[in-house]
Amino acid sequence: MNIATTTKGQAKQPKSLSLPNILTYARIAAIPVVVGCVYGQSIMDGPLWLRWVALAVFIAAGVTDYLDGYYARIWDQQSAFGRMLDPIADKLLVASCLLILAADNSIHGWTLWAGIVILCREILVSGLREYLAALRVSVPVTKLAKWKTTVQLVAIGFLIAGEAGEQILPATTLIGIVLLWMSAIFTIYTGWDYFRAGIHHLIKEDEE
């Protein structure tokens, strides 16, 4: 009786509280910690170790991006809520980090355009996904888009390390900037793929 009751109780557990979704929540919760540490170190002239805390939390957040999808697949815990929240969490994390890095001057001059391109692409893709979802059209994430995300996260990681990282690897900031530009180039290409798919379905919808 107890076993049956327990099993029944587990079956009624909301999918929003599944481990993959909890990992996604954790990624969102990491945002104010990362931003706060970078802000405290750079803008409020805090100690350099805040950069390492920010980097550690950012890396942990990036790892959850892989783990939530992995566990959702192997445990068959995929849900509409998770599919909706996961890309939002990614975009919030990236956008917040780019903004604070621009505020503390880690990203400046021409490199600001790389950040602008990345942010504009994220807004464009979000709009297209919302539109295509209304048409019940799913646009799968390409391998190049996954590589873009990886390069983007690594670039931001180097830039978050910033001055603290320079004490160990003098070219830390430069590596971050180069990778950010690479990510921006991938962003334009993958963004065009999404835009082309959206236009195709838009034209098709108007013709019907």
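## Cysteines

Cysteine 37 has a relative accessibility of 10% and therefore counts as buried, where buried means under 20% relative accessible area, exposed over 50% and partly exposed in between (1.4 Å probe, protein chains only). Cysteine 97 is likewise buried, with a relative accessible area of 1%. The number of disulfides is zero, a disulfide being a pair of cysteine sulfur atoms within 2.5 Å.

This is a predicted model, in which local features need pLDDT of at least 70 and side-chain atom pairs count only at pLDDT 80 or more, while totals for chains, interfaces and linings use all residues. Residues are numbered from 1 along each chain as its sequence is written, and side-chain values use heavy atoms, with hydrogens and water left out.

## Nonpolar core

The largest nonpolar core has 30 residues, of which Phe58, Cys97, Leu98, Leu101, Ile156, Ile160 and Leu180 touch the most other members. Such a core is a set of buried Ala, Val, Leu, Ile, Met, Phe, Trp, Tyr and Cys residues joined through side-chain atoms within 4.5 Å. Two or more residues come from each of H2, helix H3 (49-74), H4, H5, H6 and helix H7 (172-207); helices (H or I, at least four residues) and strands (E, at least two) are DSSP runs, numbered from the N terminus. The element that gives the most to this core is H6, with seven residues. In soluble globular proteins, nonpolar side chains tend to be buried together.

Not counting residues up to four places away in sequence, cysteine 97 touches Val34, Phe58, Ile156 and Ile160, contact meaning heavy atoms within 4.5 Å. Phe58, Ile156 and Ile160 are, with Cys97, among the core residues that touch the most other members.

## Helix H6

Helix H6 covers residues 143-166, and its 24 residues should span 34 Å at 1.5 Å a residue; the end C-alpha atoms are 32 Å apart, which agrees. The expected span is 1.5 Å times one less than the number of residues in the helix.

## Salt bridges

Five salt bridges are found in the whole structure, each being a side-chain nitrogen of Lys or Arg within 4 Å of a carboxyl oxygen of Asp or Glu. Side chains of opposite charge can pair when their charged atoms come close. One of the bridges joins aspartate 90 and arginine 27, with an N to O distance of 2.9 Å. Aspartate 90 belongs to helix H4 (residues 80-103) and arginine 27 to helix H2 (residues 19-43), so this pair ties together parts that are 63 residues apart in sequence. Arginine 27 counts as buried because its relative accessibility is 0%.

Another salt bridge is formed by the side chains of glutamate 122 and lysine 91, at 3.5 Å from N to O. This pair links distant parts of the chain, since glutamate 122 lies in helix H5 (residues 111-134) and lysine 91 in helix H4, 31 residues apart. Glutamate 122 also forms a salt bridge with arginine 121, the closest N and O atoms being 3.6 Å apart. A network of salt bridges links Lys91, Arg121, Glu122 and Lys148.

Alanine 114 is a residue of helix H5 and is buried, its relative accessible area being 0%. Apart from neighbours within four places in sequence, alanine 114 is in contact with Leu180, Trp181 and Ala184. The C-alpha atoms of alanine 114 and alanine 184 are 5.4 Å apart in space, although the two residues are 70 residues apart in sequence.

Serine 183 lies in helix H7 and is buried, with a relative accessible area of 0%. Leaving out residues up to four places away in sequence, serine 183 touches Ile118, Lys148, Val151 and Gln152. Lys148 is also a member of the salt-bridge network.

## Loop residues with positive phi

Aspartate 45 is not a glycine, yet its phi is positive, at about 55 degrees. This residue is placed in the loop between H2 and H3 and counts as exposed, at 68% relative accessibility. Asparagine 105, in the loop between H4 and H5, also has a positive phi in a residue other than glycine, near 75 degrees.
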